[in-house]
Amino acid sequence: MAANERVTENLVRDRLRDLGYFADASDTRVEEQRSQIAEIRRLLKGASKGGGSGTGSPEFIITSASVPDFVLVVECKGDVRKHESANLDKPVEFAVDGAVHYAKYLSASYHVITVAVSGQDTDELKISTYLWPRRAEGFRELTARSGAALDDLVSYPDYLDAAQFDPAVEAARVSDLMGFSKELHNFMRDYGKLTEAEKPLLVSGTLLALRNNAFAKSYGSYSPAELQRQWLRVVKDELEAAEIPQAKKINMTQPYSTIGVHPELGKPTLTHPRGVLYELIAMLAEHVLPLTRTYEGFDVVGQFYGEFLKYTGGDGKALGIVLTPRHVTELFAELANVNKNDIVLDTCAGTGGFLISAMNRMLSGATTEAERDQIRKKRLVGVEQQPGMYALAASNMILRGDGKANLYQGSCFDEGVSKAVKAHKANIGLINPPYNQKGAGLSELSFVQHMLDLLDQGGTGIAIVPMSCATAPSVEKATLLKSHTLEAVMSMPNELFSPVGVITCVMVFTAHKPHATSNKKTWFGYWRDDGFVKTKHMGRVDLHGRWSGIRDHWVESFRNREVLTGESVTHYVTSDDEWCAEAYMETDYSKLTQADFDTTVRNYAISQLLLALRNEPEALDED
């Protein structure tokens, strides 16, 4: 008897029902043959499997209002022998071919999970699952995050869990978010009249408020003035509910109070009759909130702060800090080889980027909920002096349910703060200290010294600082080496902090082991090319997907202290020497170009100028 495709469809439909796709509490929409969503109809127009101008009609089209950038399609065949053709070029006859055919069309606007099912009874069903990321050139087999094959139908959350961490999907979502940040920034500037300090506070406060289910469902029902009052009340309620000391709650609440009384946010206008604050909340609920729920390791607040600086042409002075790019915070966690048993400290926490990257790596190695809870509550320690930035960091951690009890507001040099931090017995320190601070004991290396002093014996401290800290003799360098061992220094890309014009290096130390006692060579890496390129509208991005390969090569060569011509070298150094690869590395002249020569001369001239300005700061004040 010939196989009946309708039988296969009935089996799939029953299985979807068992998995909760049709449940009243589910927001998934299951449609067959045709969708009510206009964009899906548009994409399937002309997507007939038989060619020509006919409309494509997958057996099942599944979407979710809470995850609008994904669509799941299921294509069925009754005969398992018609599951997949040799060349995937017969969409009319074969299930996999048809599933991939529809995914190609839908991927113009969606991340597509496409499932091919063949067979006539439950025991013999053959199921293949693929992912075609939005605007990607092709598809790949989709597996669970554990690596297990998806050879059965699973719940929609399980499909999303497998697909959302695909590098192409994550990159596309982050790109979309960064594009949205410009739109959001302009809206805040033009209609909200918010200062540079207030913009990221509104973002973090709103994300906190949207954690409150009652507020998330009702914010559209308030008048503009009442909404502003309710926003501040809910933010305070969320902070009050957090597991942090009362004194810290007061420190956190104060910066948000300015939003709660801002004159432009709580009144209706001709263009926005529901009020500017309502529009901002709705924008963040649609574009940002889903990302915070999905990507626990992504510093959303920090990314917005960095992007806002780009669009204002700012240099970090609005809040007194230069935030570290995400790929660098993740690199630090790799270099420190962070694991679930470590305790990680950042004495210049900013928005918490280093702590979030460390947490993400620690959680990836945890196997029980008890271990994950321990990481969140006990193994992340931060200090931030500026009240506004502290509020951003603490809210960032609260959004992840972690680490907030171990964030301290105040100067990391304060005796009380230092004593409290030292009690945590951190064994890893990761910092990007403030640059060019005025005042005795506030140089970049002073911050590095203090971070190392707070670590346990033998701990690992990693810092990114201006290259000028490494190239000239200084009292700070000598002081560092009296107590700690300089393990490695890596010269970083020239435009790493673009648009801020600072050339940096990464220093790695072993704490509380004098450098002279170690009597070992320091490893120097020449890490000038991270694969990122500058773009007109998005800043520095990994446009060609080179970063992961470069990162893995860097980490491997650092861990093994490999000496590679043109890339790395080892050398005995003291505080009087230059701490950079360029001073000791053998040059591979066969690879030199005129552009390399020009760049080196220019960088040398810039570094000498910066060094002169550091030594004669009064020159900065000359007319």
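**Helix packing and its surroundings**

Guide: H14 and H15 are roughly antiparallel to each other, a label for angles over 145 degrees, whereas those under 35 count as roughly parallel, 65 to 115 as roughly perpendicular and the rest as oblique. The model is predicted, so local features need pLDDT of at least 70 and side-chain atom pairs count only at pLDDT 80 or more, while totals for chains, interfaces and linings use all residues. Residues are numbered from 1 along each chain as its sequence is written, and side-chain values use heavy atoms, with hydrogens and water left out.

Helix H14 spans residues 353-364 and helix H15 residues 369-378; they pack at an angle of about 165°, with their axes 10 Å apart. Helices here are DSSP runs (H or I, at least four residues; strands are E, at least two), numbered from the N terminus. Axes are lines fitted to C-alpha atoms, for helices over the stretch in contact, and angles between N-to-C directions run from 0 to 180 degrees. From H14, Met 359, Met 362 and Leu 363 meet Arg 372, Ile 375 and Arg 376 of H15, contact being heavy atoms within 4.5 Å. The residues of this contact divide into four nonpolar, no polar and two charged. Ala, Val, Leu, Ile, Met, Phe, Trp, Tyr, Cys and Pro count as nonpolar, Asp, Glu, Lys and Arg as charged, and the others, Gly among them, as polar.

A second pair consists of helix H13 (residues 326-335) and helix H22 (residues 547-559), packed at about 30° with their axes 10 Å apart. H13 and H22 are therefore roughly parallel to each other, and their crossing is right-handed. His 327, Leu 331, Glu 334 and Leu 335 of H13 meet residues of H22 including Trp 547, Arg 551 and Trp 554. The residues of the contact of H13 with H22 divide into six nonpolar, one polar and three charged.

Burial can be followed in two other helices. Of the 11 residues in helix H18 (residues 444-454), 10 are buried, meaning under 20% relative accessible area; exposed is over 50%, and partly exposed lies in between (1.4 Å probe, protein chains only). Among them are Phe 447, Val 448 and Met 451. Met 188, in helix H5 (residues 167-192), is buried at a relative accessible area of 0%. Met 188 lies 92 residues from Leu 280 in sequence, yet 8.0 Å from it in space, C-alpha to C-alpha.

Notes
A crossing is left-handed if the near helix is turned anticlockwise from the far one by less than a right angle, and right-handed if clockwise.
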